[in-house]
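Let's walk through this protein together, starting with its ligand and then moving on to its nonpolar cores. Keep the picture open as you read.

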Amino acid sequence: MTKSLRTKLVFVMLILIVMLMTVVTVFLIRGVRDFYLDEFYNRISAAFTDTDMVSALRDAANEPDAAEQMEDILSAYAGQLGIDSGTRNFYILDGVTGERVAGAELQRGETLAMTPNILTALTGENAYTGNSGGDYMDAAAPIEGTNGRFIVYIRDNRATSQNLSASLFKMILEAVAFGFAASVAISLLLAGTLLSPIRGMTRAAEAMAGGDFTRKIPVESEDEIGTLSTTFNTMASQLQTTLDELKNAEQLRRDFVANVSHELRTPLTSIRTYAETLSDSPELPEDTREEFLRVILNESDRMTKIVSDLLDLSRLDSGSGLKIEKFSLEKSLRDVYAAIALSAERRGLRMTLGLDTLPQISGDRARLEQVLMNIMTNALKYTPEGGEINITCGVDRSRVWVKISDTGVGIPEDDLPHIFDRFYRVDKARSRESGGTGLGLSIAGEIVARHGGEIKLESVYGSGSVFTVILPIEGPGA
Ligand code: ADP
């Protein structure tokens, strides 16, 4: 690929140079030819309209040695006519036959061709008709005297113009050769500049194909290549992010499966152990047997709770619909409060509900009551006897908030970021003892998030926690 782009560039440059030089050559050579043509006809026509020269020639034509005299006169005017006895010559022709009678000598065997201009002059008219294609330029003027009819004929063999064109052509060829060399050098240089970022990109793409997305291409210009490099780098880092997310998700999934298995195996093991003991030891006293049966029932309740929580989470994960309706959050708060107030009192906890007037909100009432119930039950579970639980609420612009604060055990700072993770518990034994599954807060978090809200948590280990549920009044998507 590298080779071909380079070759293409060199090729394009060469074609350009050849085209340019061809055009220049054509224009220059045509210009030289036209210049000499114009110069010839202007000079000759000016001379033949010069009355002095023409009348001197006419006078001479009256003399007996007319041809010689005319030759002398024309020699005198040679400068004006541009006669140089090489390229440009004059001849005196017989005005009837057109044959040379005086003037420049003809080479041996050379005859003067009967040009259109001579033919016109034979009819008695001046003739300066230019011919741009031929290899000569000529002009003929008839001169009539008492001693005969003559034609003054001037002929230029164009050697000057052709010599100049030839040397111009040589110069142009030299320029083309130089241009070829320069363009090859420039195209190689240009190819190098263009190809270096492309090579970098190729290497990065190869690295990417091998799974390494960290390779960055240096962005050295603001042109199209620069933009391409930037886009490439952005693409690489986006791919890296996606890959990281996928790896994270995969890790979460593995952890989750491991957690589920572990959480279900624990109660299953106890159930099996107790059931086996019961079946293998018929001699056990009645109250021990009853105790074992109670454990079996408790453990199976626990499994049922875990499974139903997992089902809940999986429903939320799969995005199954919330039942959105307008309802009074104030009433829900009062209901949930009433449902647990008694057990709070039994545990020796002081619980208060500071109600404010709340607007009706849009949301899934049963789900949101589940959230409130979960946080309030946690407050009860993790606050020792004599503690306090205060519930307050309010409106903040387009959102409502419910704050549940307790003077309980609090959560260590290191655990705070994980509290909403599935199966995460600060104190597994304590949570298990109180019937917790470690799924309650992650379910609550999911439900609130699905409503477009959030749960904020502040906690000081050893002195208590504050959970604040914030929900948009207009419901999800508001
Ligand atoms: P669990 O079923 O174990 O209560 P949750 O998901 O409801 O599970 O809570 C996760 C963990 O967060 C609990 O195990 C507990 O360690 C901690 N936690 C929740 N609420 C409180 C609270 N009010 N005070 C102290 N710790 C709490």
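**Around the ligand**

A nitrogen atom of the ligand lies 3.4 Å from an N or O atom in the side chain of Ser465, a polar contact (a pair of N or O atoms within 3.5 Å). Taken alone, the ligand exposes 530 Å², and the protein buries 98% of that (Shrake-Rupley method, 1.4 Å probe). Asp406 has a side-chain N or O atom 2.9 Å from a nitrogen atom of the ligand, while for Lys381 the side-chain N or O atom is 3.1 Å from a ligand oxygen. Of the 22 residues around the ligand, Asn378, Asp406, Ser431, Thr437 and Leu441 come nearest (a residue counts if one of its heavy atoms lies within 4 Å).

This is a predicted model, where local features need pLDDT of at least 70 and side-chain atom pairs count only at pLDDT 80 or more, while totals for chains, interfaces and linings use all residues. Residues are numbered from 1 along each chain as its sequence is written, and side-chain values use heavy atoms, leaving out hydrogens and water.

Now for the cores. A nonpolar core is a set of buried Ala, Val, Leu, Ile, Met, Phe, Trp, Tyr and Cys residues joined through side-chain atoms within 4.5 Å; buried means under 20% relative accessible area (1.4 Å probe, protein chains only). The largest one has 44 residues, and Met351, Met376 and Ile404 touch the most other members. Ile404 touches residues including Leu372, Met376 and Ser465, not counting residues up to four places away in sequence (contact means heavy atoms within 4.5 Å). A second, separate core of 30 residues includes Val54, Ile73, Ala139 and Phe150.

How values were computed
Buried means under 20% relative accessible area, exposed over 50%, partly exposed in between (1.4 Å probe, protein chains only). A polar contact is a pair of N or O atoms within 3.5 Å; within protein, one must be able to donate a hydrogen and the other to accept it, and residues adjacent in sequence count only if both atoms are side-chain atoms.
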